[in-house]
Amino acid sequence: MLDLSAIESGYGETQVLHGLSLTARPGRVLAILGRNGAGKSTTLKTIMGLLPTKAGRITLDDRPLPARPFDIARLGIAYVPETRDIFPSLSVRENLELAARRFPCANGGWTMARVLELFPRLGERLDNGGTQLSGGEQQMLAIARALLMNPRLLILDEPTEGLAPIIVKLIHDKLKELKSAGLSMILVEQNFGFATSLADDVVVIGKGRVVWSGSAPEIRAAEDIQHAWLGV
Amino acid sequence: MFRHTPLRYGTLALLAALALFKAVTADYFGLEILTEILILAILVIALDMVAGFGGMVSLCHGALMGVGAFAYALLTVKAGLTPPLALAAAIGITGGAAWIIGAICARSHGIYFIMATLAFGQMAYSYVFQTPTFGGDDGLGGIARLDLTAFGIDLNDSRTFALFCLAALAASYCAIVGILRSGLGRSLTGIMHNEQRMRALGLTVWRVKADVFGLSGMIAGLAGALAAQHMMFISPGLLSWKVSGEALVVVILGGLGTLVGPIVGAAAFVLLKHEVSALTSYWHLVVGVILIAVVMSRANGIFGWIETRWTARKATRRTGPADAPLKEARTDA
């Protein structure tokens, strides 16, 4: 589905990714793990065209991925950033309506009613402003907004960061539902247990390149890798 | 996202009542001032739509108003078009010009956007100033007003023309509110908050900016066509950057991003100009001092200050004054 091959990218003069390669396969969840500063979020931003690719190649179904974020979004890749980026002066409803459009590559039949069924809490707060939401509600809104783009591939950056354990469990259950429905996902996550219980495939990033790749059961068993690269 | 509040409704009702009262009771000079306020208000709410809700601080809205004025004047005086057709064409031409400017400037931000729009404005000014067809430095005269006598309305009467401008302002305000509440307006708000996020949501950002800038230009064009009919004469000075600068001052003075505030600002600015200029020719100095005071007060203009006070008062009423328990304790003692 999505292939990254020998990617070099970073912020201005600072190079973060040094020849990173990975593959996200259809209908599966790929977890990208690594310590702080390893290049996990940079990888996602590079996929989304938010950071320029200095070298290497990104392909979606063997076709080169366009460089501009809106062209990438139109190919059915939705991104939930770490910062959630809820529009503060818009209500929950308006935030959702902003993303509710159908691109030619759309997939999944997500409607406003269906995302509210997935996240009933949002339905109770439709007329609340973006700033009046708790961290958990903001995360639900960010995921719901991405789903309304009817993506083929959902990319999530640290979806549990700063959330209470009960909300982490709720987000976990919802993502599990999405996985069961066959949605392909790439997940960047610091929470090892959360990531490996959701993921089918795992890559570990260190110093801007992939240092380990395998399945979720394999990483759970690979204590040396966990210790060396994840600090678990 | 624009939302009406009871204070905003109340202010609009008060302004409309005052304008109607003045339109009915004022003498000729008073009607001229009222018309000037109303036309300026149309221009500044058009500017507020792009600057206050889209972060596109334009220094070419004066020029866009001038394009509307010259388009109307040329089409009626030189091309012999009927005023209603010329009015529609002037609005369309200005909207088209604004869309092109918006599309070109959409990729720039902040000071670069301001400078790019200023450059477009100055280009328009220089072209009109140096082109004999537009009357050059002498401008164009003999501009006819719309003929609505078939409906029993004579716009050559100052009072009727002022009421017509009030209706045009009301229509422009409703159009802008409609735009801001539409999907296009939501996208514009999203772009102002986080342009990159909107791109990642699959939005063609430059197109949204260009469309809104074009719509704003249409309203500025209406203001220009009304200004041409008001004075029945226009000069290239209407396209000067000073007009754009004054419009921006009025928006900031009234309250950026409030839509109601710029109307308050237009009234305050024109009244100040006329009242102070009767006393001293240094009226700009007085307006400058007031503008500095407004900016330094950190309130969002006159209306922003009123809104802040209103909200604080409402909060105090709900929760009671902060020192109320202390006072009660002292009384008990």
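Because the model is predicted, local features need a pLDDT of at least 70 and side-chain atom pairs count only at pLDDT 80 or more, while totals for chains, interfaces and linings use all residues. Residues are numbered from 1 along each chain as its sequence is written, chains are lettered from A and ligands numbered from 1 in the order in which they are written, and side-chain values use heavy atoms, with hydrogens and water left out.

The secondary structure of chain A consists of ten helices and ten strands; helices (H or I, at least four residues) and strands (E, at least two) are DSSP runs, numbered from the N terminus. The radius of gyration of chain A is 17 Å, close to the 17 Å given by the globule rule for 232 residues, so chain A is as compact as a globular protein of that length. This radius is taken over C-alpha atoms, and the rule is 2.2 Å times the number of residues to the power 0.38. The C-alpha trace of chain A spans about 45 × 35 × 35 Å along its principal axes. Of the 232 residues, 54% are buried (under 20% relative accessible area, with exposed meaning over 50% and partly exposed in between; 1.4 Å probe, protein chains only). Contacts are defined by heavy atoms within 4.5 Å. Among those in chain A between residues at least 6 apart in sequence, 67% join residues at least 24 apart. The accessible surface of chain A is about 9,600 Å², and 50% of it belongs to carbon and sulfur atoms. Accessible areas come from the Shrake-Rupley method with a 1.4 Å probe; for residues, only the protein chains shown count as cover. The mean positions of the 26 positive and 25 negative charges of chain A lie 2 Å apart. Lys and Arg count as positive and Asp and Glu as negative, without His and the chain ends, and a charge is placed at NZ of Lys, CZ of Arg, CG of Asp or CD of Glu.

Chain B comprises 14 helices and two strands. Along the principal axes, the C-alpha atoms of chain B fill a box of roughly 85 × 55 × 40 Å. Buried residues make up 52% of chain B. Of the contacts in chain B with a separation of 6 or more, 78% are between residues 24 or more positions apart. Chain B exposes about 15,200 Å², of which carbon and sulfur atoms supply 68%. The mean positions of its 23 positive and 17 negative charges are 12 Å apart.

In helix H10 of chain A (residues 223-230), Ile225(A), Gln226(A) and Leu230(A) are buried. These residues cover an arc of only 100 degrees around the axis, which puts them on the same side of H10(A); the arc is that of the directions from the helix axis to the C-beta atoms. Glu223(A), Asp224(A) and His227(A), on the other side, are exposed. The elements covering the buried residues include strands S3 (29-33), S9 (201-206) and S10 (209-215) and helices H8 (192-198) and H9 (216-221) of chain A. Gln226(A) has a relative accessible area of 7%. Gly231(A), with a positive phi near 65 degrees, follows H10(A).

Ser91(A) lies in the loop between strand S6 (77-80) and helix H3 (92-99) of chain A. Ser91(A) is buried, with a relative accessible area of 5%. Not counting residues up to four places away in sequence, Ser91(A) touches Leu126(A), Asp127(A), Asn128(A), Gly129(A) and Arg3(B).
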